[in-house]
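Welcome! Let's walk through this structure together with a few questions and answers.

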Amino acid sequence: FFKVYGARWAAVKVHELKRTELQAWIDTVGQKSASAATRALNMVKAIINWGMRKDLIPRMVNPCSGVETFECRSRERFVLPAELNRLRAALDEEPNLMRDFFWISLLTGARRSNVLSMRWDEIDFDLATWMIPADKFKNGNSHTIPICALALGILQRRFENREVTSPWVFPGRKANDHLKEPKRAWKRIITRAEITDLHIHDLRRTLGSYMAMNGENQYVIAQMLGHKDLRSTAVYARLNLATVREATESVSDKWQKILALKAEPISKTTKDNPTKGAPKQFKNSSIRFIGADQVMVEARIVSALKSGGSTKKHFYQKMGRHIKLNARELDRILADLESRQIITRHAKDSGSFFFSLFQSQLE
């Protein structure tokens with residue numbers, strides 16, 4: 001913070017700070033980034049409050065009080081399904097150090113600072129867990145992260161090829177130090193992958209988002225991400241639409257019945273057969289899954305395949321009763337997954353089909 005803003009305030013004594021000067025400063029910073037302006041003001045305010053609590057400065061009215069800042073919306077960006085393969089291809093072209101760093105960031109959902117400073121003595125390969133000490137974790141408590149099989153494989157490979165004298169999973173250029181700043185590598189990766197507006201921290205949000213779309217509740221997501229306050233996890237609730245969809249479909253069904261009755265006089269029907277000439281209606285034929293909804297369906301298809309399922313029947317069982325997916329829409333989503341090389345379709349001698357994960361997804 002001092003490196004960025006110190007030159008502006010280094011020569012100003014705390015009791016000489018004026019609200020008007022702080023307001024002008026925040027307005028200037030906010031022209032470039034509203035979130036940066038908010039963080040900067042909060043930092044100055046916290047520093048002054050801390051100084052008063054420690055009796056380092058006299059009690060005073062904090063000059064930051066009353067300074068107007070910018071409204072900041074919580075960021076919602078995460079890696080979309082259509083971007084995953086491009087991101088993987090871009091990561092594959094990176095040296096092992098940077099490639100593994102970003103994969104571990106994505107697969108654990110941990111903060112960048114924690115992944116950068118990950119130590120071998122924090123990893124338990126037998127229990128497949130990573131214990132982040134309290135002094136390194138944001139909320140002041142230690143946090144244990146379960147490590148999935150894919151992440152565990154990456155860590156085991158790195159452990160076998162590690163520098164014995166280094167305690168760091170991702171060692172830096174300097175001796176006895178860890179990797180410091182991956183921003184340059186990240187810019188190179190997303191440029192190569194042709195992905196825009198994706199930050200390193202969005203990898204953490206990606207894990208939480210896909211967990212929500214897979215039907216996990218807020219408590220499970222909060223435990224994985226180490227959120228002490230569930231309000232921090234509430235942002236992911238918007239992606240778990242199963243209950244909301246069920247309620248919407250219930251109302252829609254009632255409206256459909258009412259509208260169908262009212263539409264009879266103007267439809268091409270006869271008195272004896274009121275349905276004659278009317279187009280055939282398929283159950284849930286109007287439902288189309290897009291965006292987060294399609295991601296949720298895709299996640300359950302992949303989950304079914306990983307659990308040993310291979311047919312559409314298995315996919316429907318994985319969807320559950322809350323997700324009303326018609327056959328035509330399922331075929332469309334399966335074709336989309338095939339085109340992105342996530343799944344493979346196989347033909348049986350009987351003419352039916354079964355599915356499996358694309359070979360690269362299993363490596």
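Q: Which residue's ring face does Arg345 lie over?
A: This is a predicted model, so every value here is computed from it. Arg345 is placed 5.1 Å from the centre of the ring in question. A charge of Arg counts as sitting over a ring when CZ is within 6 Å of the ring centre and within 35 degrees of the ring normal. The ring belongs to Phe353.

Q: How many bridges join strand β4 and strand β5?
A: Strand β4 covers residues 343–347, and strand β5 covers residues 353–357. The two strands pair in the antiparallel sense. Ile343 stands opposite Leu357 in β5, and Thr344 has Ser356 as its bridge partner. The number of bridges over which the strands pair is five.

Q: Which residue in the hairpin of β4 and β5 takes a positive phi?
A: The hairpin has five residues between its strands. The phi angle in question is near 100 degrees. The residue that takes this angle is Gly351.

Q: What kind of aromatic pair do Trp120 and Phe159 form?
A: A search of the whole structure finds eleven aromatic pairs. In the pair of Trp120 and Phe159, the ring centres are 5.2 Å apart and the planes make an angle of 75 degrees. Angles over 60 degrees count in one class, so the pair of Trp120 and Phe159 is edge-to-face.

Q: How many residues apart in sequence are the parts that Trp120 and Phe159 tie together?
A: Trp120 lies in the loop between α6 (112–116) and β1 (123–124). Phe159 belongs to helix α7, residues 149–160.

Q: Is Trp120 buried or exposed?
A: Trp120 has a relative accessible area of 10%. Under 20% is the cut-off for one class, so Trp120 is buried.

Q: What kind of pair does Phe159 form with Phe125?
A: Phe159 is partly exposed, at a relative accessible area of 30%, and Phe125 is also partly exposed, at 25%. Their ring centres are 5.5 Å apart, with 55 degrees between the planes. Phe125 lies in the loop between β1 and β2 (129–132) and Phe159 in helix α7, so the pair ties together parts that are 34 residues apart in sequence. The class of this pair is tilted.

Q: Which residue's ring does Arg119 lie over?
A: Arg119 forms a salt bridge with Asp121, with the closest N and O atoms 3.3 Å apart. Arg119 is partly exposed, with a relative accessible area of 26%, whereas Asp121 counts as exposed at 58%. Arg119 also lies over the face of a ring, 5.2 Å from the ring centre. That ring is the one of Trp168.

Q: Which residue forms a salt bridge with Glu94?
A: Side chains of opposite charge can pair when their charged atoms come close. For Glu94 and its partner, the closest N and O atoms are 2.7 Å apart. The partner is Arg188.

Q: How many residues apart in sequence are the parts tied together by Glu94 and Arg188?
A: Glu94 and Arg188 are linked with Glu93 and Arg192 in a network of salt bridges. Glu94 lies in the loop between α4 (81–92) and α5 (96–108), while Arg188 lies in helix α8, residues 183–192. The pair therefore ties together parts whose separation in sequence is 94 residues.

Q: Which helix holds both Arg205 and Asp202?
A: The side chains of Arg205 and Asp202 meet in a salt bridge, at 2.3 Å from N to O. Both residues are buried. They are three residues apart, about one turn of the helix. The helix, residues 202–213, is α9.

Q: What is the accessible area of the nonpolar patch that Phe1, Met43 and Ile47 form on the surface?
A: Ile47 is found in helix α3, residues 34–53. At 45% relative accessibility, Ile47 counts as partly exposed. Together, the patch of Phe1, Met43 and Ile47 has an accessible area of about 260 Å².

Note on methods:
Residues are numbered from 1 along each chain as its sequence is written. This is a predicted model: local features need pLDDT of at least 70, side-chain atom pairs count only at pLDDT 80 or more; totals for chains, interfaces and linings use all residues. Side-chain values use heavy atoms; hydrogens and water are left out. Patches are made of residues with over 30% relative accessible area and no salt bridge: like charges are joined within 9 Å, nonpolar side chains (Val, Leu, Ile, Met, Phe, Trp, Tyr) within 5 Å. Accessible areas come from the Shrake-Rupley method with a 1.4 Å probe; for residues, only the protein chains shown count as cover. A salt bridge is a side-chain nitrogen of Lys or Arg within 4 Å of a carboxyl oxygen of Asp or Glu. Helices (H or I, at least four residues) and strands (E, at least two) are DSSP runs, numbered from the N terminus. Buried means under 20% relative accessible area, exposed over 50%, partly exposed in between (1.4 Å probe, protein chains only). Two strands pair if DSSP finds at least two bridges between them. Rings of Phe, Tyr and Trp (its six-membered ring) pair if their centres lie within 6.5 Å; planes under 30 degrees apart count as stacked, over 60 as edge-to-face and the rest as tilted.
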